[in-house]
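This report is an introduction for a reader who has not seen this structure before. Please look over the sequence and the model first, and then follow the sections below in order.

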Amino acid sequence: MLEVLGVDHWGEEAYLALIDGNPLTADELAGVTTVDREVMGAVLQRLEDRGLISRVPGQPVRYAALPPQTAIEVLLLSRERDIKRVRALAHHLGERHRRARFGGDASELIEVISGPEAVARSGQQLLRRAQKVVRGIDAPPYARAIGGERVSSRVNVLEHTVRRRFIHEHGTLRTAGQARHLEEGVAAGEEIRVLANVPMKMILADDDLGLIPLRATPRVLDSCILVHPSSLLDALSTLFEMLWRQSQPFLPGQATANGDPAGAPGDPPLSEEERRIVSLLALGLPDEAIARQLDMGHRTVQRRIQALMVRLSATSRFQAGVLAARRGWWDPDAPG
């Protein structure tokens, strides 16, 4: 496991032996590990250089493990700095490569990616290289990594400071589990909006790359186009921003958790289930779709909605949405 920090198998074995026991000499360590006596000195020197162990005063020389929480954290921070430097170098070399390849032939500003696995891999790589912002329009079919998991910004975006904005097609909320998937995205820091009809799928990383489908079946993305900086990439960026302004925020957590600020005095706060119903109701989902998303019976959802309408003194679902917004149960104009 410590190999990712530059500690080889023998070094890890010696370090764990010191973690589990008292300070030991090199010979004593060789007796309780599989490390050869001839190389034990070099192994201990490397551990000492990395700040994982230290020498205990006295003779003969004994070695003790330093507190792992501090020692390993220092190594992690050092490795993170190294990774950032290599990533910056990769970006620089990528720009040189792009200028060399695409300087003369405009047709090479796009690359065709063929095959579901190659499409998924390109999506992962595009998300991982993002430094500032990821923007996406999401709708079926979804790219799947080799393990079968959906390619996701939550997994593949490496920098925590990267802003992530996604537009999802409204119709996908009729699919069981999709609302929960979006809620998890919001909880992970994604900004999510919903639009009745999206014209296409896309992923944009910073202002450098875009990925759009070329050919897809209802279930599989067969091929995509990787778009490099160009007028086409600028047009895709403009299209996303236009659709973002037209879309409606997905606000599973915007319902007031500490009560209804504009409601009647003593009016009890919404339960978690009621907040989720309000957020889905506000998006215009029918009762059947809400029931699928919440894994509830159709009649149970109807009773919950009816109870909310009574509580709001609303005579229609539209009026219920207006009154719910007025009470702060959801905010249609919330930023995001």
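## Strands S3 and S9

Strand S3 (residues 110–114) and strand S9 run antiparallel and are joined by five bridges, where two strands are said to pair if DSSP finds at least two bridges between them. Within this pairing, Glu111 has Leu226 in S9 as its bridge partner. Strand S9 covers residues 221–227, and six of its seven residues are buried, so the strand is largely enclosed by the rest of the structure; buried means under 20% relative accessible area, exposed means over 50%, and partly exposed lies in between, with a 1.4 Å probe and protein chains only.

## Basis of the model and overall make-up

This is a predicted model, in which local features need pLDDT of at least 70 and side-chain atom pairs count only at pLDDT 80 or more, while totals for chains, interfaces and linings use all residues. Residues are numbered from 1 along each chain as its sequence is written, and side-chain values use heavy atoms, with hydrogens and water left out.

The protein has 12 helices and 10 strands, which are DSSP runs numbered from the N terminus (helices are H or I with at least four residues, strands are E with at least two). Of the 336 residues in the protein, 43% are buried. Among contacts between residues at least 6 apart in sequence, 66% join residues at least 24 apart, a contact being heavy atoms within 4.5 Å.

Strand S4 (residues 133–138) has six of its six residues buried, so it is largely enclosed by the rest of the structure. Val133, Arg135 and Ile137 point one way from S4, whereas Val134, Gly136 and Asp138 point the other way, and all are buried.

S4 pairs with strand S5 (residues 163–169) in the parallel sense over six bridges, and with strand S7 (residues 202–205) in the antiparallel sense over four bridges. Arg135 takes part in both pairings, as it stands opposite Arg165 in S5 and opposite Leu204 in S7.

A search of the whole structure finds one aromatic pair. Phe240 and Trp244 form this pair, which is stacked, with 5.7 Å from centre to centre and 25° between the planes; rings of Phe, Tyr and Trp (its six-membered ring) pair if their centres lie within 6.5 Å, and planes under 30 degrees apart count as stacked, over 60 as edge-to-face and the rest as tilted.

Because they are four residues apart in helix H8 (residues 231–246), Phe240 and Trp244 are separated by about one helical turn. Phe240 is buried, with a relative accessible area of 0%, and Trp244 also counts as buried at 6% relative accessibility. Arg165 lies over the face of Trp244, at 5.0 Å from the ring centre, where a charge sits over a ring if NZ of Lys or CZ of Arg is within 6 Å of the ring centre and within 35 degrees of the ring normal.

Helix H10 (residues 287–294) is mostly covered, with six of its eight residues buried, namely Asp287, Ala289, Ile290, Ala291, Gln293 and Leu294. H10 is followed by Asp295, whose phi is positive, near 55°.

Asp287, Glu288, Ile290 and Ala291 in H10 meet His298, Val301, Gln302 and Ile305 in H11.
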